[in-house]
Amino acid sequence: MVRLDEKAILAGSGGSPVLMRSENQGASWEPFQNNYGGDEGLSHVQNLKSITQYSDTLYTSAQGGVVARSVDGGHNWELMNGIWDNFGGLGTLLYVDPYYPGRIWSGGVHAIPQLYLIKSDDYGENWTEVSEAVQPQRGGAIPYVILTHPNDTGKILVGLSNAIKASNDSGETWQTVLKETGIRSLASGNQHPDLIYASGRDYISSQNISGKLFFV
């Protein structure tokens, strides 16, 4: 769900219609599918983000590595990665970097299963896959969240279903900083950006967990 202006809201779902729009702060909703999904009519929006607050430039991600972009508030959509009729897997991660203009991350797990993580440095025009650097071996690890450093765009943390991994070179190489712990959220404060708070679900005990760590 994203706010388009003070009153208009756009929301995505996994049903039909996929996209809904409200012009009155959510009091009522109307279908707003337009050409999302192409001729195939993709039936999922697993993530929906705007590039800045109250922006008409929007991004969605869905299963199979699909990333789509609209530059007019959802009236028209352009497929930026993947194919519309790709089925299986999960598109669990979509991150518009607030500190590096034009950089967008998307990720999830294919139906095989195999983790995938891709990034673009030009607003989605071109994509680079960094999956092998994050998880060289096949397996079902799922990326859920990315956090970048406000003062060093090369520093990145990614929360996976079984670990936290860190990169100091914009995703070229990664190291594991926390093992066997599933992370769903990462956050830092403006005054202390190196101090990171994490929460999720423990990989072994299946217990909910929370804690803190530091950018390295």
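Figure 1. Ile164 has Leu178 as its bridge partner in E16. Ile164 is also the bridge partner of Gly159. This is a predicted model, in which local features need pLDDT of at least 70 and side-chain atom pairs count only at pLDDT 80 or more, while totals for chains, interfaces and linings use all residues. Residues are numbered from 1 along each chain as its sequence is written, and side-chain values use heavy atoms, with hydrogens and water left out. Strands (E, at least two residues) are DSSP runs, numbered from the N terminus. Two strands pair if DSSP finds at least two bridges between them. E15 and strand E16 (residues 175-179) are antiparallel and share four bridges. Strand E14 (residues 152-160) is also antiparallel to E15, again with four bridges. E14 and E15 make a hairpin, with two residues between them.

**Figure 2. Burial of strand E15.** Buried means under 20% relative accessible area, exposed over 50%, and partly exposed in between (1.4 Å probe, protein chains only). Five of the five residues of strand E15 (residues 163-167) are buried, so the strand is largely enclosed by the rest of the structure. Ala163, Lys165 and Ser167 point one way. Ile164 and Ala166 point the other way.

**Figure 3. Arg201 and Asn162.** Arg201 belongs to strand E18 (residues 195-202). Its relative accessibility is 45%, so Arg201 counts as partly exposed. The C-alpha atoms of Arg201 and Asn162 are 9.0 Å apart, and the two residues are 39 apart in sequence.

**Figure 4. The open sheet E1-E2-E3-E4.** Four strands form this open sheet, with antiparallel pairing. Its edge strands, E1 (2-3) and E4 (30-31), each pair on one side only. Two bridges join E1 to strand E2 (residues 9-12) in the antiparallel sense. Here Arg3 stands opposite Ile9 of E2.

**Figure 5. Two nonpolar cores.** A nonpolar core is a set of buried Ala, Val, Leu, Ile, Met, Phe, Trp, Tyr and Cys residues joined through side-chain atoms within 4.5 Å. The largest one has 16 residues. Leu10, Leu19, Tyr36 and Trp77 have the most contacts inside it. Strands E6 (58-62) and E7 (66-70) each supply at least two residues of this core. A second, separate core has 14 residues, including Trp105, Val134, Ile146 and Val158.

**Figure 6. The surroundings of Leu10.** Contact means heavy atoms within 4.5 Å. Neighbours within four places in sequence are left aside. Among the contacts of Leu10 are Met1, Leu19, Phe32, Leu48, Leu58 and Trp77. Arg21 is another residue in contact with Leu10. A charge sits over a ring if NZ of Lys or CZ of Arg is within 6 Å of the ring centre and within 35 degrees of the ring normal. Arg21 lies over the face of Phe32, 5.1 Å from the ring centre.

Figure 7. Rings of Phe, Tyr and Trp (its six-membered ring) pair if their centres lie within 6.5 Å; planes under 30 degrees apart count as stacked, over 60 as edge-to-face and the rest as tilted. The whole structure holds three aromatic pairs. One of them is Tyr36 with Trp77, edge-to-face, at 5.3 Å centre to centre and 80° between the planes. Tyr36 lies in the loop between E4 and strand E5 (47-50) and Trp77 in the loop between E7 and strand E8 (78-81), so the pair ties together parts 41 residues apart in sequence. Tyr36 and Trp84 have ring centres 5.1 Å apart and planes at 70°, so this pair is edge-to-face. Trp84 lies in the loop between E8 and E9, so its pair with Tyr36 ties together parts 48 residues apart in sequence. Tyr36 is buried, at 1% relative accessible area. Trp84 is buried at 11%. These ring pairs link Tyr36, Trp77 and Trp84 into a cluster.

**Figure 8. The salt-bridge network at Arg69.** A salt bridge is a side-chain nitrogen of Lys or Arg within 4 Å of a carboxyl oxygen of Asp or Glu. The whole structure has four. Arg69, Glu78 and Glu125 are linked in a network. Arg69 meets Glu78 at 3.3 Å, N to O. Arg69 also bridges to Glu125, with the closest N and O atoms 2.8 Å apart. Arg69 lies in strand E7 and Glu125 in the loop between strand E11 (115-120) and strand E12 (128-129), so this pair ties together parts 56 residues apart in sequence. Arg69 is buried, at 11% relative accessible area. Glu78 is partly exposed at 40%, and Glu125 is partly exposed at 46%.

Figure 9. Asp121 and Arg103 form a salt bridge, their closest N and O atoms 2.7 Å apart. Arg103 is buried, at 3% relative accessible area. Asp121 is partly exposed at 36%. The charged end of Arg103 also sits over the ring of Tyr100, 3.9 Å from its centre.
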